[in-house]
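Dear colleague,

I am handing over the structure below, and after it I set out what was found. Please read the notes with the model open beside you.

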Amino acid sequence: MSTDVVNGIAYWLRRLGGAVTGVVAQLGYVARFLVAVLWHTPAAFRRIHLTLREIYFSGVLSLVIILMSGLFVGMVLSLQGYETLKRYGADEQLGILVALALVRELGPVLAGLLFASRAGSAITAEIGLMKTTEQLAAMEMMAVDPLARVVAPRFWGGVISMPLLAALFSAFGIFGGYIVGVRLIGIDAGAFWGQMKAGVNVWPDVTNGIIKSLVFGAAVSLIAVFEGYEARPTAEGVASATTRTVVISSLTILALDFVMTVFMFRGANAG
Amino acid sequence: MSPPAKPTPSRAAEPIAAWRVDPEAVAVELVDVSFSYDVRPVLKGITMTIPRGKIVAIMGGSGCGKTTILRLIGGQLRPQSGQVRVGGQSVPDLGPEALYDLRRKYGVLFQFGALFTDMSVFENIAFPMREHTELPEELIRDLVLMKLQAVGLRGAAHLMPAELSGGMARRVALARAIALDPMLVLYDEPFAGLDPISLGVVGQLIRRLNDALSITSILVTHDVYESLKIVDYLYFVSEGRIVASGTPGEVRASADPFVRQFVNGAPDGPVPFHYPAPSYREELFADVD
């Protein structure tokens with residue numbers, strides 16, 4: 001093997017090694033940041049109005065996009081589901097299909113993606129701009145820790161809001177499914193609700209959906225506050241941090257969803 | 001042709017006789033402080049003394065290390081060598097709790113105010129009171145109005161920071177900096193970007209508040225005229241070193257080339273107009289040869 005080839009392979013191995021160690025170091029840094037946020041949580045909760053305010057900004061102000069999206073997703077799901085189920089003469093199973101799809105998967109995942117786009121990006125931009133305009137430095141110089149005053153309330157605001165938003169997404173999705181399936185297509189309302197009641201269980205279906213949305217909420221909120229806090233204090237730095245929040249959050253939600261689904265639902269209804 | 005020479009300190013930084021400070025009266029002291037960002041040295045052996053109750057200006061061109069000095073005093077940075085003492089305490093040696101305790105005695109005016117944009121003027125000034133005291137709401141209200149009255153903006157209490165002009169924002173930030181009657185106020189470029197009237201107002205406020213509240217003030221600025229009107233002493237910093245110092249009278253009378261260049265705003269002098277570069281002639285005619 002020529003020296004050039006060996007050098008080329010060594011170069012790419014070094015780059016690969018550098019990238020891997022870089023990712024591991026970054027994960028360690030994020031984990032340390034999470035510990036710091038959790039450490040400052042009692043101080044943040046002592047002024048609970050700060051967290052309530054963040055629940056309002058992250059949760060209440062996201063309601064319109066979440067509810068509208070849930071409604072339309074449920075309606076589409078109902079239309080598509082009906083067309084498929086009809087081929088097998090199982091169109092009365094539409095209620096259970098819509099409900100399970102929403103409660104187990106689409107509710108937590110789509111609400112998480114919308115939450116990352118709407119609230120996550122806003123949190124990153126807000127903290128990043130506070131850093132750029134020296135508001136965080138001003139707080140530190142006033143002997144007020146920004147982790148307790150700014151970061152922890154936003155983190156917990158997201159963690160608390162997300163399961164509620166996912167639940168509302170699913171509820172409105174089911175309502176959308178009902179409108180299309182029962183009101184437009186004409187499936188019997190009793191069959192729609194009865195099948196749903198019989199086929200959807202609190203455990204594992206609803207509970208696992210709630211667990212998923214909690215994990216997604218924690219992941220998105222952590223990514224959003226971390227990216228904002230670590231943003232370069234320039235206009236371009238805040239812009240790229242905001243973009244990173246949406247991209248990383250979305251990929252993290254999809255990856256976590258797969259991992260959790262494997263553990264939660266594999267063989268859950270077997271036997 | 002050799003590249004233009006780097007500026008050389010015109011004289012060593014020796015505190016002059018008029019500024020011999022009683023050790024008991026020292027509020028802030030930097031002794032042989034050096035600091036580098038990564039490998040780029042910013043401060044190279046800075047020594048300065050700031051007595052209680054005085055206003056001291058640290059002056060120099062952009063990027064000379066002035067703001068770094070403020071950050072060292074505030075404990076946001078740690079020097080690579082040397083000592084930074086505030087009220088007798090070594091700032092770099094303080095743990096997080098002790099550093100926050102010390103910072104409660106500080107007031108800081110940032111270059112562009114750094115007001116909290118989601119709070120009104122009133123809430124901005126009430127912020128340190130709410131965070132660090134258990135004062136009843138009525139008392140906080142009265143104190144905030146008194147601070148705003150001191151800077152002439154009591155009528156603007158209900159406004160949001162986005163509704164303020166640059167000069168007003170700076171005055172609100174000044175009111176917030178003195179909210180808890182600090183022992184030391186750090187001003188980072190308090191005159192930057194202000195119109196002449198606002199500039200005079202802010203300058204006079206700094207002097208008046210310093211005297212009325214018996215605080216110690218450190219101004220980092222490059223506005224030499226406004227500083228000469230209000231400060232007790234000036235340090236000139238260039239290339240990370242103190243190159244001159246003196247009282248306003250001494251600065252006005254100084255024949256020091258650096259001080260003259262700074263006071264007169266001359267484009268060339270000990271601080272060269274040109275960034276170090278190869279010979280102009282050689283670079284222009286490189287292709288001809």
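In what order do the four strands of the open sheet in chain B lie? The order is β2-β1-β4-β5, and the pairing is antiparallel, where strands are DSSP runs of E of at least two residues, numbered from the N terminus, and two strands pair if DSSP finds at least two bridges between them. At the edges, each pairing on one side only, are β2 (40-51) and β5 (89-90) of chain B. Strand β4 (residues 81-86) of chain B is joined to β5(B) by two bridges in the antiparallel sense, and B:V86 stands opposite B:Q89 in β5(B).

Please bear in mind that this is a predicted model, in which local features need pLDDT of at least 70 and side-chain atom pairs count only at pLDDT 80 or more, whereas totals for chains, interfaces and linings use all residues. Residues are numbered from 1 along each chain as its sequence is written, while chains are lettered from A and ligands numbered from 1 in the order in which they are written.

Of the 289 residues of chain B, 40% count as buried, meaning that 20 or more other C-beta atoms, placed from the backbone, lie within 10 Å of the residue's own. B:I73 is one of the residues with the most contacts inside the largest nonpolar core, which has 137 residues; such a core is a set of buried Ala, Val, Leu, Ile, Met, Phe, Trp, Tyr and Cys residues joined through C-beta atoms within 7 Å. Leaving aside neighbours within four places in sequence, the contacts of B:I73 include B:V84, B:V86 and B:I218, a contact being C-beta atoms, placed from the backbone, within 7 Å.

With kind regards

Definitions and conventions
Buried ≥ 20, exposed ≤ 12 C-beta atoms within 10 Å, placed from the backbone. Contact = placed C-beta atoms within 7 Å.
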